[in-house]
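Please look over the sequence and the structure shown here before turning to the report that accompanies them.

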Amino acid sequence: MADLSINLAGIKSPNPFWLASGPPSNSAHQAHRAFEAGWGGIVWKTISDAIVNTSSRYSALNLGTLRMAGFNNIELTSDRSPETNFREVAEVKRRWPDRAMVVSLMVDTRERWHEFVQRSVDAGADGVELNFGCPHGMCERGMGSAVGQQPTVTERIVSWVMEVATIPVIVKLTPNITDVTQAARAARKGGANAISLINTLNSITQVNLDILVPEPEVGGLSTHGGYCGPAVKPIALHMVQSCAADPEVGLPISGIGGIADWRDAAEFIALGSTSVQVCTAIMHYGFRIVEDMIEGLNDYLDAKGLKSVTELVGKAVPTLKKWELLDLNYKRIARINYDKCIGCNLCYIACEDGAHQSIDLVPPNSQGLGPGRVPGKPIPQVREADCVGCNLCAIVCPVDGCITMVSIDQGRQKMSWSQYQEKVARGKMKPIPAHP
Amino acid sequence: MPVTPKLGPEAAAANMADIAPPYTPAEAIIEASRCLFCFDAPCIQACPTGIDIPSFIKKIVTGNLTGSARAILSANILGGSCARVCPTEVLCEGACVVLDREGDPVKIGRLQRYATDHALERRLQLLKTPARKSGKRVAVIGGGPAGLGCAAELAQLGHKVVVFEKKLKAGGLNTYGIAYYKLKPEDSLAEVAMIQSLGVEFRCGVEVGRDIPAAQIQKEFDAVFLGLGLGKGARLNVPGEDLPEVVEALDFIEQIHTRPLHQVPVGDRVAVIGGGNTAIDAVTQAKRLGARDAAIVYRRSQEDMPAYQFEQTLARTDGARFLFNVVPVEILSNGTGHVTGLKLARTASADGKVQILPGSEFVEAFDMVIMAIGEAKQVGLFKELFPKLELEKRGVVVRNTDTGQTNVPGVFAGGDCANGGREVVNAVAEGKKAARGIHALFAGQAASGPIQPSRYGVKGAPVGSGFDRPIRVTELEREYAKEHKVP
């Protein structure tokens, strides 16, 4: 049994799985249910001055039979009063002392920030998360992403908070920015103890083609919503790793963005997250999903021989480099296992129409029978000399283990683009001829 | 005792309900989502009519049901009935790559029904005929699947078609002779109506040779398509065969299609003689209409049965019995004038020939006997209608399998009368091929073109998309440079 407990900038929890600030973390009722299910912590839905929400708030991107591949919302911060929220925060923390209780906050003036941070401390919170990320509604009032998109404003508000904070302060970053590390550096400069990312992305998930209004539709109109769910995971991983790899950030990270199972969580942790936050998957399936997350992560760590989840934190960060440092002499090619091939020839048409024209359709073996059960049906054959190793065929292949990308040792020394440029400049080698 | 109906209307309707009910929208999308959208899908190649199956399935997923139905019907005008009656297990679904991956193919037949139902129920006009007609007239003799396949294709190619049908309604076996739980007559007739809406004229209740001389048709029309199917059921030539409770399987099935189900007489103990798919259809429907006992009587072993495995399983599930290696030597009536049983003899097969084992006779009680031992070829009819028409030794019309052209100029043939008896989908494909052949004749072309559009382009190896070899743009540029003398 690996040790799943974590300590994020002083905030401790028995496992790295936290509820992200959002609809599932809006009340004591939900928090109790979540902790009963096994969640290690909660980031309470953002407390601000009470707001008013619209009716019709969520929309999704469904892919074929897969529901909620992406998801967006136009809900604002908590629609409950600060009094109710802080009272419930205190209740929940009293009943679940071993779980992490982080309160998400969003207010405007220095005085209000001071007040809300103090109220969080008074309620027994283990930390606060500053919501500088909401891309809708609040930013139009000078809060949320309006703060997070301007590093100088981020830094100033963080510093206000740090004036009074006696518990760790996490700054939640918006992805709606060109370079997220600039915002992360600002948080660091302001004195933050940790960052969490990503908040939701500006989005329109779909247009209702009957009435020509995007969803979610509110009385014939709609607005840009915050996008989340499995579809945003790759963007979130990129941003988490960027912050983890930036020495000028140097803060512990709570990873957020499309995490739905232990594999997602392990990837976020490997790219530098100490804790991970989940919202959309809970909105889809309920709190019970944490059971498999805990078990799956545990078994994975055991299989990897890691005694603690903290050993995994950031392990994959150094393997991500700038493109110019990649080895130009590394070569891989596609190999097709004909025992597994079912004859769909998707690899052929993907390569032919969508990539590098390196797969031929050839007559099947001497018996005249190939995969696909139709006599004489052509089978795909990789022209290895022309294969650039792009991976597309292996990606489209619907059979696991049928197409593998094989590394080919060409007996050449490693050479990055930077080294190549240098060699050419010094006249040590001729430029590599362009692809025909 | 004469046989009588056994079940009330509700029980009969319930027993004869669709064996594969239509998909709900949710079911259809889930099933359609299993399709991998193969590039050169084996299912297309396994379909005699060459329906672009991955395309029609993809269109179901995107909610483009009209386009889906168009993709099906443009390749196979009887796509709706084929969706219900095709032995998909040995055709498209048998070739499905998902079968190789998961052991369970995409249910192409049921998806095809889902899409075609959408069009046929709404009477959508999906196919077009050219505004400018060719002025050519074609007579189609026989309104079954082959004739309909030919007529629909010819209409879409701009020719005037008149279908001569002996029965009161067109559709052939689709209207009168398919197991009721697979295909309802109204579904077949909806297809006939769709073909009618393409401008095809139907003259039903008209028997060529009796009501109109073949010579007159040949004179009045520019081409003739023969889709006459097969003739009357073959006879066993045993005593008792003319007793009133001895019926041909296709006559029994026709009654099911022309009377209210609860008025179809069926025996209490029914013997079905034969081992083909029609025998299965007969025994299963007898059972479903209330026969207490229904048995297949087949002269060879189970392994020799021509009926598809899944059809045999269906009959067994319905409670039918199978008597293998037995042959009727007499249909008994015990002087009552009605069937009372069968005198059967055991058989052994030697060198592919069935021999009766002497002294092995035994009697089983039955009150109805259904003959399903194949249909006779229409040799006599052809000799009478087209004396010069060349027939094969086994009695089928000799024709070019690509064009349907017979030895008589302007006369084409397809379907059971030419192939000896195959599936509905084969008949449609042959009708369609013959239509292309007739069109080529009118246009003065030698070849009629492939029935299945090729995704490979020119045959040969290696092949690429549309070219006879994979070709790079740079090669094309080089060729262009050479041609145009660009440096």
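The sections below take up domains, strand pairing and nonpolar cores in turn.

## Model and domains

The model is a predicted one. Chain A is divided into domain 1, which covers residues 6–319, and domain 2, which covers residues 323–425. Taken over C-alpha atoms, the centres of domain 1 of chain A and domain 2 of chain A are separated by 40 Å.

## Parallel strands in chain B

In chain B, strand S1 (residues 137–141) and strand S2 (residues 160–165) run parallel and are joined by 5 bridges, with B:Arg137 standing opposite B:Lys160 of S2(B).

## Nonpolar cores

The largest nonpolar core has 163 residues, and those with the most contacts inside it are B:Ala151, B:Phe225, B:Val272, B:Val369 and B:Ile370. Helix H19 (residues 424–443) of chain B gives the most to this core, contributing 8 residues.

Which residues are in contact with B:Val272, leaving aside its neighbours within four places in sequence? The contacts of B:Val272 on that basis are B:Ala279, B:Ala282, B:Val283, B:Ala286, B:Ala294, B:Ala295, B:Ile296, B:Val297, B:Ile370 and B:Ala372. One of these, B:Ile370, is itself listed with B:Val272 among the residues that have the most contacts inside the largest core.

Key: Residues are numbered from 1 along each chain as its sequence is written. Chains are lettered from A and ligands numbered from 1 in the order in which they are written. This is a predicted model: local features need pLDDT of at least 70, side-chain atom pairs count only at pLDDT 80 or more; totals for chains, interfaces and linings use all residues. Domain bounds come from an automatic or database domain assignment. Two strands pair if DSSP finds at least two bridges between them. Helices (H or I, at least four residues) and strands (E, at least two) are DSSP runs, numbered from the N terminus. A nonpolar core is a set of buried Ala, Val, Leu, Ile, Met, Phe, Trp, Tyr and Cys residues joined through C-beta atoms within 7 Å. A residue is buried if 20 or more other C-beta atoms lie within 10 Å of its own, exposed if 12 or fewer, and partly exposed in between; C-beta atoms are placed from the backbone. Two residues are in contact if their C-beta atoms, placed from the backbone, lie within 7 Å.
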